[in-house]
Amino acid sequence: MAQGYKGLEAAITAIREKTDFVPETALVLGSGLGGFAERIDVKAEVEYTDIEGFPVSTVAGHEGKFIFGYVKKVPVVVMKGRVHYYEGYEMEDVVMPIRLMGMLGAKTLILTNAAGSVNLDYKPGDLMIIEDQISAFVQSPLRGRNMEELGTRFPDMSCIYDKEIQDKIEEIAKELKVSVKKGIYLQWQGPNYESPAEIRMFRGLGADAIGMSTACEAIAARHMGLRVCGISCLTNMAAGILDQPLDHKEVQEVANQVKDSFEALVSEMIARI
Ligand code: HPA
């Protein structure tokens with residue numbers, strides 16, 4: 001794949017054959033957080049498999065479709081199921097859906113994910129506002145010929161996660177009495193979980209949470225000028241912190257337990273950011 005800007009245009013044509021809906025806000029639902037889809041007043045759905053050139057996700061629990069509709073009267077496009085680097089796609093393909101949502105009209109991107117807690121003071125079930133990220137362990141999605149139509153060759157990344165939105169999320173969380181932490185998200189390429197030694201290294205580097213997505217998407221979104229924010233659902237303590245192995249089932253179960261506060265927070269965010 002990796003068909004450059006022409007590939008994006010072909011995919012947009014395929015989507016526009018199914019819907020002319022113009023979203024303001026784009027939302028990516030992380031592992032186990034897909035239940036949010038029930039809060040959308042759905043106007044159209046486009047299966048990833050119906051979009052020409054779209055990388056189709058293979059992980060159990062990751063359904064693949066764009067949902068178009070309204071959340072609290074705000075027009076949104078929601079990715080139910082994302083594409084991961086560990087599935088074997090090129091980074092350019094991994095971020096294709098993010099670029100498409102921007103090209104469809106979205107101005108703001110809300111990224112969510114399930115992540116392991118690297119910070120010893122945080123615990124499973126905590127929600128964390130992403131303040132900044134470490135993407136140095138995965139390839140940049142901007143590698144290769146620059147798509148001038150989207151953005152510049154050397155985009156600034158000094159403020160990836162919009163500070164005003166971060167403040168707003170904190171304010172909303174307080175009102176909803178949902179406790180939120182703040183921290184740095186590190187993207188690991190996976191699919192294997194990290195070793196305890198790697199987690200100690202990442203803690204030393206300043207990471208608070210670790211996952212296998214998000215940072216590359218945030219870079220692609222900033223490249224094209226979208227406002228970006230992110231929330232991690234900390235589903236487990238990262239490897240080696242507790243005396244127990246990591247299990248994908250646990251990740252999904254914990255995400256499911258915090259579903260109500262997570263969904264309330266995200267829908268209020270959509271209304272107010
Ligand atoms: N590591 C990487 N990715 C994850 C984790 C983790 O501990 N938990 C959920 N996604």
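A word on what we are looking at. This is a predicted model, where local features need pLDDT of at least 70, side-chain atom pairs count only at pLDDT 80 or more, and totals for chains, interfaces and linings use all residues. Residues are numbered from 1 along each chain as its sequence is written, and side-chain values use heavy atoms, with hydrogens and water left out.

Back to the ligand. Gly116 has a backbone N or O atom 3.2 Å from a ligand nitrogen, and an N or O atom in the side chain of Glu194 is 3.0 Å from a nitrogen of the ligand.

Which residues surround the ligand? The shell is Ala114, Ala115, Gly116, Tyr193, Glu194, Ile210, Gly211, Met212, Thr235, Asn236, Leu246 and Val251. By class, the shell has 7 nonpolar, 4 polar and 1 charged residues. In this scheme Ala, Val, Leu, Ile, Met, Phe, Trp, Tyr, Cys and Pro count as nonpolar, Asp, Glu, Lys and Arg as charged, and the others, Gly among them, as polar.

Now, where do these residues sit? Strands E5 (108-117), E8 (209-211) and E9 (227-237) each supply at least two residues of the shell, and E5 gives the largest share, 3 residues. Helices (H or I, at least four residues) and strands (E, at least two) are DSSP runs, numbered from the N terminus.

Let's follow E5 itself. Is it mostly covered or mostly open? Mostly covered: 10 of its 10 residues are buried. Buried means under 20% relative accessible area, exposed over 50%, and partly exposed in between, with a 1.4 Å probe and protein chains only.

E5 also has partners; two strands pair if DSSP finds at least two bridges between them. With E9, E5 pairs in the parallel sense over 10 bridges, and Ala115 has Leu234 in E9 as its bridge partner. Strand E1 (residues 25-29) runs parallel to E5, joined by 4 bridges; there, Val28 is partnered with Leu111 in E5. E8 runs antiparallel to E5, with 2 bridges, and Ser117 is partnered with Ala209 in E8.

Next, Arg82, in the loop between strand E4 (74-80) and helix H2 (91-94). Why does Arg82 count as buried? Because its relative accessibility is 2%. A polar atom of its side chain lies 3.0 Å from the backbone oxygen of Thr112, and the side chains of Arg82 and Thr214 make a polar contact of 3.4 Å.

Last stop: Glu268, in helix H8 (residues 259-272). Glu268 counts as buried because its relative accessibility is 18%. Leaving out residues up to four places away in sequence, Glu268 touches Lys72, Ile172 and Leu176, where contact means heavy atoms within 4.5 Å. Lys72 is 196 residues from Glu268 in sequence, but 8.0 Å away in space, C-alpha to C-alpha.

Technical notes:
Near = heavy atom within 4 Å. Polar contact = N/O pair within 3.5 Å; in protein donor to acceptor, adjacent residues only side chain to side chain.
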